[in-house]
Amino acid sequence: MAKTSIIARQKKREKMVEQYAAKREELKKAGDYAALDKLPKNSSKVRLKNRCQLSGRPKGYVRYFGISRVALRDMALNGKIPGLKKASW
C-alpha cells in the first residue's frame with residue numbers, strides 16, 4: 001500500500017488538472033505560452049501518474065481495470081471480476 005500522503009498528493013493533482021483544463025486548452029489554442037507558464041505546474045495533465053484505485057500502487061498498473069496487477073490477481077482468484085479466471089492448460 002502506498003503512503004497516504006502520496007495518494008493525497010495524486011488526488012490533489014487530479015482536482016487541479018480538472019480545475020484548470022479549460023483554461024489551459026484556451027491558452028494553448030491562443031498560443032499564449034507566457035500565461036500558460038504562470039499556471040500551477042500541478043495543473044498539467046502530464047504530471048499525473050497512473051495509480052491503483054485500491055492500493056495506490058504506481059507500478060504494474062492495468063489500464064483496462066484501473067488497478068494494479070497484484071490487486072487484479074487477488075480479485076480474479078476470489079471471483080470478483082466476471083469472466084476472468086486463472087489460465088490452466
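Predicted model: local features only at pLDDT ≥ 70, side-chain atom pairs only at ≥ 80, totals over all residues.
How many residue pairs are in polar contact between domain 1 and domain 2? The count is two, with both pairs at pLDDT 80 or more.

The domain assignment of the protein places residues 1-49 in domain 1 and residues 51-84 in domain 2. Taken over C-alpha atoms, the centres of domain 1 and domain 2 are 26 Å apart. Six residues from domain 1 and five residues from domain 2 take part in the contact.

I turn now to the interface itself. Domain 1 and domain 2 bury about 470 Å² between them, and carbon and sulfur atoms account for 60% of that area. On the side of domain 1, M1, A2 and K49 together supply 66% of the area buried against domain 2, more than any other three residues. By class, the residues of domain 1 that touch domain 2 comprise four nonpolar, one polar and one charged.

My last topic is the aromatic residues. The whole structure contains one aromatic pair. Y64 and F65 form this pair, with 5.0 Å from centre to centre and 85° between the planes. The arrangement is edge-to-face, because the angle of 85° is over the 60 degrees required for that class.

How accessible are the two partners, Y64 and F65? Y64 has 75% relative accessibility and therefore counts as exposed. F65, by contrast, has 35% relative accessibility, so F65 counts as partly exposed.

How values were computed. Residues numbered from 1 in each chain as written. Heavy atoms only, no water. Domains from an automatic or database assignment. Contact = heavy atoms within 4.5 Å. Buried area = accessible area lost by both parts, 1.4 Å probe. Polar contact = N/O pair within 3.5 Å; in protein donor to acceptor, adjacent residues only side chain to side chain. Nonpolar A, V, L, I, M, F, W, Y, C, P; charged D, E, K, R; others polar. Phe/Tyr/Trp six-rings, centres within 6.5 Å; stacked < 30°, edge-to-face > 60°. Buried < 20%, exposed > 50% of the residue type's maximum accessible area, 1.4 Å probe, protein only.
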